[in-house]
Amino acid sequence: MDWLIEPFEPSFMQRALLAGALVAATSALVGVWVVLRRLSFLGDALAHGVVPGLAIAAIIGFNLTLGAVIGAVAMVAGISLVRHRSGLPEDTAIGLLFAGMLALGVIIISRSGSFAIDLTSFLFGSALGISWDDIYIQIGAAGITLVAMIAFYRSFLAMTFDEHKAQLLGLRPSLARFVLLGLIALAVIASFRAVGALLVFGLLIAPAAAAALLTKRIPTMMLTAAVIGVLAVFIGLLLSFHLDLAGGASMAATAVAIFVAVLAGRELGTRIGAAGQPRPRTPARWRLPG
């Protein structure tokens, strides 16, 4: 069992595991609604949208978390502006801002003196460099997310199935959508130090998508997604330690691998179940005399 325990003896690995578990829990709560509402493209765009804010904050010596907040707000505001002013579909606005914000962030970072190091840290995280201050931010983000999920659960649920009916019931779907966008941005902001602005999307979507294949009740789906996410973090850090791999990438890749395994297992179970069913008997054909 040494191979299972030894990696988590150093304090920096313990911090990485705790931070990853918090990321997984926060992402699971938000990710279920992202999957059910089919907002994956928007979630990915928000993950990219924080990069310019991070880049500017790093260059001028500003707080990186506040820089990520500014980047996320600019991304959401830009999508809304393009959508309402141009009349183009929302996915077009998201695609434009997706590419534009990421390109802007890379351009800004390229002007600094440590382009390769900063870019790698921003985009792919530094799980083994997590500090207690980072963990406190993640605890705060997890708490805010949990409170928001309880307060807006009925609104999120109604909005998922019928926005018009949610409006008639007085559940304010517009406000619920705004809150959900804010929670997606919060998950990205609180997680970028551990898994990076790009790879956080893997923990946001993959565990929730796997949970959606296993259960249909939303509270159970959230709990299942959180368990899958924490498992992905644990396995990812083990692989990172024993195989000398990048921590954030290992966690995100493990989450996606678990989704693939769940999907394959479900398909296999469906085929086995279908093979075990008795085939319907074909009625004999009667030949007409003559």
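**Stop 1: the cavity**

Select T65, D134, I137, Q138, I189, A190, F192 and R193: these residues line the largest cavity. A cavity here is a set of points, on a 1 Å grid over the protein atoms alone, where a 1.4 Å probe fits but cannot get out, and a lining residue has an atom within 4 Å of a point. The volume is about 40 Å³, taken as the space filled by probe spheres set on the points, with grid points joined across faces, edges and corners. The structure holds one cavity of 30 Å³ or more.

Colour by element next: α8 and α11 each give two or more residues to this lining, and α11 gives the most, with four. Helices are DSSP runs of H or I with at least four residues, strands are E runs of at least two, and both are numbered from the N terminus. By class, the cavity lining has four nonpolar, two polar and two charged residues. For these classes, Ala, Val, Leu, Ile, Met, Phe, Trp, Tyr, Cys and Pro count as nonpolar, Asp, Glu, Lys and Arg as charged, and the others, Gly among them, as polar.

Before moving on, keep in mind that this is a predicted model, in which local features need pLDDT of at least 70 and side-chain atom pairs count only at pLDDT 80 or more, while totals for chains, interfaces and linings use all residues. Residues are numbered from 1 along each chain as its sequence is written, and side-chain values use heavy atoms, with hydrogens and water left out.

**Stop 2: two pockets**

Now pick S80, R83, E90, R177 and L181, which lie nearest the centre of the largest pocket among its 14 lining residues. A pocket is an open set of points with protein on both sides within 12 Å along at least five of seven lines. This one has about 270 Å³ of space, and α5, α10 (163-168) and α11 each give two or more residues to its lining. What is the lining of the largest pocket made of, by class? Six residues are nonpolar, four polar and four charged.

For the second largest pocket, with about 190 Å³ of space, select V69, A72, V73, V76, F178, V179, L181, G182, A185, L186 and I189. Its lining has ten nonpolar, one polar and no charged residues. The largest share, seven residues, comes from α11.

**Stop 3**

Centre on F156 and you'll find W33, A148, M149, A176, V179, L180 and L183 touching it, not counting residues up to four places away in sequence. Contact means heavy atoms within 4.5 Å.

**Last stop: zoom out**

Switch to cartoon: the protein has 13 helices and zero strands. Of its 290 residues, 45% count as buried.

Note on methods: Buried < 20%, exposed > 50% of the residue type's maximum accessible area, 1.4 Å probe, protein only.
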